[in-house]
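Hello,

Here is the structure you will be working with. My notes on it follow below.

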Amino acid sequence: MLKKVLLVLLVLALGGAVVFSRTTESVDFGARTESFYGAHQNGIELPSQANVSVIAFDLNAGVDKAAAGRFMRVWSADTAKLTQGQPVIGDITPGAEQNPARLTATFGFGFSFYEKLGIADQWPIAEKEIPEFKKIDKLQPQWSDGDIVVQIAGDDPLAIFHLAEMLRRDAKPFATVKWQQRGFINAAGVNAGKVSRNLLGQLDGIVNPKFGSDAFAKTVWRKDGGTLMVVRRIQMNLDTWDKLSSAGKTHVTGRKMSTGEKRASQQANAHVNLAFTQMGEGIFRRGYNYDDNYLNGVRQAGLIFISYQESLERFVKIQSKLAEIDALNIWTTPIGSGLYYVPKGLTSQDEWLMQDFLI
Ligand code: HEM
């Protein structure tokens, strides 16, 4: 009898080992990379990675155009290597680059960057900043603006941390961190290929232009290969949201909570009714959830809303309608806001970020 039990255990253990090795062999999440070079910057037109760290920097006093050019050369070279899992010179944690896990970095520049460097006349966007939405905004300076923003995204938080650290160290003579926001959606391999939920439990990101489509190109890319990035930190009140029934939540959103399917009997001020635009006329949303502990007893949780669009007008059109009467406004409060110009991508290692403006 004992022999039989031992035999069964042995078979189970071996079976387990086979299953385990199969799953670990099939996808090496750490080794996966996203190309850095291209007509457009990376980190935009690709399925969202699991994690993000969005970091804003302000230029140090006295940094001029020539210094900013040296700064951008270093950032370009280091990012090109680290996103591909290759080591960089002077890395004090060698080896940390080895699991890039779809690491990308997307760089944006605010009007203040151009202004400080005396090139305000070259700011490529009609508006200097996002207008205030008085009915909803409770903006805090520690979550807003910044001369430079970097969206570092990837499937591995450690790879993100390492690139963020390297960029921060490179930046020391030139710029200082103003704020950092970390976010997440589903982990790599979980719910793969499907829409993630936000912290209100809604399926978020259903209606978005498809990668590689004409609608995407029309929505996002400017003629100069660049785009505009909007970052809004939107705090959620999870306690009061939880008091709503599932039917109530569906009413507010305009989509069924469990499946995300559109409801015929929506109320006029349901979020999706107001946010609706014809495909190609709207924005591309690429947000992440944040859940950052408590500050003075208040839960710090919500959505790092990130959108890319070829003009600010596209965002403002939607946000103005939402700010007026969106049913969701009761549970959501924008506490941070920033507008950045995202220049075109680099096509070889001879090029560097913002070259056209800084040479
Ligand atoms: C915390 C704040 C927000 C939450 C929780 C939220 C949630 C949602 C959800 C659940 C959907 C439906 C599913 C989908 O199509 O993705 C949706 C759709 C949408 N949202 Fe939001 N959203 C928020 C803020 C915003 C903001 C600030 C904007 C832009 C100014 C925006 C623009 C849109 C658009 C364009 C759609 C697609 C509408 C359609 O054509 O069906 N959302 N949002």
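A polar side-chain atom of His271 sits 2.9 Å from a nitrogen atom of the ligand, a polar contact being a pair of N or O atoms within 3.5 Å (within protein, one must be able to donate a hydrogen and the other to accept it, and residues adjacent in sequence count only if both atoms are side-chain atoms). This is a predicted model: local features need pLDDT of at least 70 and side-chain atom pairs pLDDT 80 or more, while totals for chains, interfaces and linings use all residues. Residues are numbered from 1 along each chain as its sequence is written, and side-chain values use heavy atoms, with hydrogens and water left out.

His271 (NE2) is also the single protein donor to the iron atom of the ligand, at 2.1 Å. Donors here are N, O and S atoms within 2.8 Å of the metal (3.2 Å for Na, K and Ca); water is not among the atoms, so sites may look incomplete. His271 belongs to helix H8 (residues 271–275); helices (H or I, at least four residues) and strands (E, at least two) are DSSP runs, numbered from the N terminus.

The shell around the ligand holds 27 residues, each with a heavy atom within 4 Å of the ligand. Helix H9 (312–325) gives the largest share, four residues.

Regards
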